[in-house]
Amino acid sequence: MIVVCTCALLTSCSPLAPQPDHSKFFILTPLSDGSAPVSTPAVAISNSSLTIGIGPIDFPDYLRRLEVVTRASPNQLDLSAEKRWGEPLDKNFARVFSENISRLLNTQQIEKYPWPVRTHIDYQIEVNVQRFETTSDGQSQLTARWVIKDGAGTDLYASETSASAQVGPGETGASSALSSDLATLSREVADRVTELHRRQAPVNTTDSFRLSDHSVGG
Amino acid sequence: MQATLDSDSPLSVNINTALEELADTSRSVGELTDYLQRNPGSLVRGKYVPDKDR
């Protein structure tokens, strides 16, 4: 009897035999290296090397898990059994967002919240993520409110970004669609920081832009 | 004293790291209990993966 049981345990058809791990791990990617800078003003302010503080980034609790979440219907979520994020999605989001902002504003001085009290920050970017997942009908959806503050913590600009992309075929379709939504958000924020900075500290090279703005407005 | 408690000092960096590790730990324990709550049998029978996720 014991022998039979032992044999059953050791053979591959036993339910206790080791099962292969089919887990797949996904990660968001920053903007591609080959992409051009947003616009010329972004390059113009690059010499002043802005210090950007990023965070706090508020992330919904239902996304703070390792399983990949899909919205099956407006009121229902689907957690994948085998598709997982390589790191918690909120941390991945924050890191890739910082990387995007760094590339778009052409600065290496990015501080992650919470930074030391005495650190000088030119602009702080606060993000409040409302949605960041794919839907079962093949669309990715990112909705986020964001606020740009100056170094002293005064609100300079607040807005909301809603980005959506088609989920491509293949395993990585969802993560690359979400990455492209995140890139859209990063571009909108970076454009706004560039514009705020141009207004606050006008340098000679941007005077022509300001003049043309006035002529269009008038 | 000022140098020890400074926000750049090794002490506060270590404390921050430790707190982050603690948060990661509680998150990971939370994930496990959440999974076991949904799949209590997985302790005995292993992980069930529906065909659609394969």
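Two strands count as paired if DSSP finds at least two bridges between them. Helices (H or I, at least four residues) and strands (E, at least two) are DSSP runs, numbered from the N terminus.

**Figure 1. Strands S3 and S4 of chain A form a hairpin**. Strand S3 (residues 67–73) and strand S4 (residues 76–85) of chain A pair in the antiparallel sense over 5 bridges. Between S3(A) and S4(A) lie 2 residues. A:Glu67 has A:Arg84 in S4(A) as its bridge partner. The model is predicted: local features need pLDDT of at least 70 and side-chain atom pairs count only at pLDDT 80 or more, while totals for chains, interfaces and linings use all residues.

**Figure 2. S3(A) runs parallel to strand S6 of chain A**. A:Thr134 in S6(A) stands opposite A:Thr70. Residues are numbered from 1 along each chain as its sequence is written, chains are lettered from A and ligands numbered from 1 in the order in which they are written.

**Figure 3. Helix H3 of chain A covers residues 89–104**. Buried residues (20 or more other C-beta atoms, placed from the backbone, within 10 Å of their own) in H3(A) include A:Leu89, A:Phe93, A:Phe97, A:Ile101 and A:Leu104. A:Asn106, with a positive phi near 55°, follows H3(A).

Note on methods. Expected span 1.5 Å × (residues − 1). Buried ≥ 20, exposed ≤ 12 C-beta atoms within 10 Å, placed from the backbone.
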